[in-house]
Structures are given as C-alpha cells and as structure tokens.
Amino acid sequence: MGINMEQIWWERVPNAAAFLADIVDSLLNERSIVLNSAEEFPWYSFMERNIREAVKQQNAMKGFEILEDVSEPGPYLLDNFCKSSKRTEYRPTRTYAKFLAESDDIVLHDRYLWVKVTSNKQFKAWCEFVSEYTKERGKNKVAAVFVLEWTGGSVTTARKGIKLFSFDAYVSEYDRTVFCSLAASAVQERSFVKNYLTELAANVVGNDMELCALCLARHREFLQDPYAATRRILAEEIRSDGRKFGFSRSKAEVEHLIWRAQIRSVYPALEEFRQDFVQKHYPEIARMLPMTSACDETFNVPEEVELGTLRQMAGSGRLFLQMKESERLKGCWEARNKLSHLTALSFDEVAELEV
C-alpha cells in the first residue's frame with residue numbers, strides 16, 4: 001500500500017502518539033518509569049528507537065543501556081557500572097540500592113537504563129531497587145533513570161518514585177478504529193467500502209495492530225473472507241521483530257464480529273438511504289398514511305415508514321419507481337432484514353449496495 005504503518009500508529013493516532021510523548025517528557029524530567037502492556041507492543045523497535053532518539057536529542061549527557069533478563073539488580077549494577085575499587089567498598093550492612101545511591105563517583109548515575117523484565121519476580125525486584133535508589137539518591141543529584149519494561153501482565157500501580165505508563169490505559173478501541181481508518185484511506189475502494197473495511201479490521205483483528213495492518217494491506221482477500229485471509233496471513237507473515245503472529249478466534253467468533261462490523265457501518269448507511277428515499281418521495285408516501293404494516297405497526301408520518309413498508313408500497317403500484325430505484329430499495333430492504341435477524345452479509349452483498 002506504500003504506507004508506513006508504524007508511523008501511522010505511533011505518530012498519527014492521537015493516544016498512541018501521546019503515550020510516546022508523555023514517556024519522553026518523564027524521562028527528560030529525570031523520572032523513572034514502568035512501561036507496561038498486557039500484550040506485545042505494536043512495532044516495538046520503532047517505539048523503542050523513537051523514545052531513545054527523542055530523549056537523546058534533548059539530553060545527550062546520559063547514555064542508554066539496554067538490560068535483559070537481569071534477576072538481581074543490585075549485584076548486576078555493582079559489577080557492571082562500578083570500578084573494581086568501588087566494588088571492594090561494598091559491605092552487606094547496606095543495601096545495594098543505598099550503597100549505589102550514596103556513591104557519587106560511578107557511571108551508573110549518568111545512564112538511562114532500559115530494563116526488560118521477563119517475570120513477576122524480576123519486576124518486583126527491580127521496582128523495589130529503583131524505588132529505594134531514587135529515595136536514597138535524592139532530588140538534587142544526578143541519578144540514573146530507569147525504564148522498567150514489563151509485557152505480558154497488567155500493572156495497576158507503581159512503587160513510590162516510579163511513574164506507571166500503561167499502554168492499555170492510553171489506547172482504546174477508538175484508537176484502533178482511528179488507525180484502521182487512516183490505514184484504509186489509501187485503499188482503492190469507494191468510501192462506503194472503506195468505512196466497512198475500517199470496522200471489519202477493527203472488530204475482527206482486535207488489539208493486534210501489526211496483524212491489522214497486514215489485513216488492510218491485503219484488503220481484497222480480507223474483505224471477501226476475513227477468517228480465511230487471516231489464517232493465510234498467520235501462515236505467511238511474521239512480525240516486524242521476527243516473531244510469529246497469534247490469532248485464536250474461531251470461525252464462529254469471526255462470523256459474529258463480521259456481523260458487528262456491518263451493524264456499525266452498513267446498517268447506518270441503510271438508514272441514511274431510507275431517510276433520503278422518504279424525503280424524495282415524501283408527498284406520495286404522505287398520501288397513503290396512516291397505514292398499518294404486516295407486523296401491525298402503524299405509521300402516521302412519512303419519517304416513520306420502514307424499508308419493508310416502502311417496498312410494499314412500491315410493489316403494490318401505489319408508489320411509482322424506476323426499475324433501478326426499485327432494485328436499490330429491494331436490495332437495501334433485504335440487507336437490513338438479514339442484519340436485523342443477526343445474519344452477516346457476504347462481501348458481494350455489501351459491495352452491491354448502492355448507499
């Protein structure tokens with residue numbers, strides 16, 4: 001499609017962009033943070049690189065260090081960020097956090113440390129260390145700034161001295177729909193189909209924006225059969241960081257989500273068609289009222305008349321329509337009837353609607 005999907009997500013979707021901007025602001029204010037998401041971050045490398053580069057542009061004094069799978073922060077930081085002469089000064093009568101915080105002649109204080117934790121135990125150990133280090137170091141001294149990244153579990157609170165940035169608290173269904181809308185803007189389809197594609201991707205794929213982007217890039221096969229297309233993409237594609245995609249929804253679940261996407265996009269378009277049709281034929285419809293439908297529903301004014309009754313009026317000859325307009329009315333009535341009875345339309349049926 002020729003569109004940089006990671007830029008759309010991280011730079012143009014409002015709350016995703018705010019998430020990065022607020023993180024950068026906290027780091028520049030020398031505030032250690034927890035970076036949390038219940039699931040994998042979309043386009044992780046782009047996110048990490050943008051945060052680091054934005055911080056470095058405004059604070060070149062501190063270097064970034066990436067730490068992975070470190071279970072015991074105190075011993076690790078003592079061994080890797082202190083000279084041997086300083087290491088020999090350490091005594092178990094003080095905690096590692098207190099000893100390092102009280103030492104002014106170590107490179108630790110001149111670093112941003114991005115710590116990728118992989119377990120609850122590691123996360124707890126690092127939070128305890130950072131909280132104590134921050135307290136003991138004080139506000140008026142140069143200090144290390146920590147990014148504690150924890151993916152795979154939700155964090156609701158952070159320890160004192162650490163600010164929590166929850167991706168799931170920032171980003172909602174609204175943001176995912178905005179992304180789908182922006183990403184679908186370059187698709188060569190009429191606006192009605194683009195709107196449907198936006199809702200279809202946002203509903204069927206859900207939280208996985210990278211998978212969503214691939215579905216939009218292969219929009220023709222996705223529109224025809226979202227379930228089959230998604231399975232093919234899972235078999236053929238990998239994430240930007242090399243990991244495989246996961247998608248556990250059953251065919252029945254996907255069918256329901258297709259229907260929900262149509263209720264959100266097709267159904268309103270059918271209602272708009274009904275309103276326009278009534279306004280166009282207002283005098284003729286008004287002359288036939290009041291009347292009672294086959295479902296014993298009484299209509300007193302044209303604005304209330306539903307598609308089924310309008311079709312009956314046309315079928316009885318009381319409402320004269322050209323062939324094309326009659327076919328449009330019939331197609332819209334059939335589509336609305338299906339959706340009202342919890343049945344999803346095929347894409348061919350959606351594409352044939354002139355709304």
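Tutor: Two strands pair if DSSP finds at least two bridges between them. Helices (H or I, at least four residues) and strands (E, at least two) are DSSP runs, numbered from the N terminus. This is a predicted model, in which local features need pLDDT of at least 70, side-chain atom pairs count only at pLDDT 80 or more, and totals for chains, interfaces and linings use all residues. Residues are numbered from 1 along each chain as its sequence is written, and side-chain values use heavy atoms, without hydrogens and water.

Student: Which residue of β4 is the bridge partner of Tyr-112?

Tutor: Strand β3 (residues 111–117) pairs in the parallel sense with strand β4 (residues 145–151), over 6 bridges. In β4, the partner of Tyr-112 is Val-145.

Student: Is α1 parallel, perpendicular or oblique to α9?

Tutor: Helix α1 (residues 5–12) packs against helix α9 (residues 173–184) at about 135°, with axes 10 Å apart. Axes are lines fitted to C-alpha atoms, for helices over the stretch in contact, and angles run from 0 to 180 degrees between N-to-C directions. Angles under 35 degrees count as roughly parallel, over 145 as roughly antiparallel, 65 to 115 as roughly perpendicular and the rest as oblique. The angle therefore makes α1, relative to α9, oblique.
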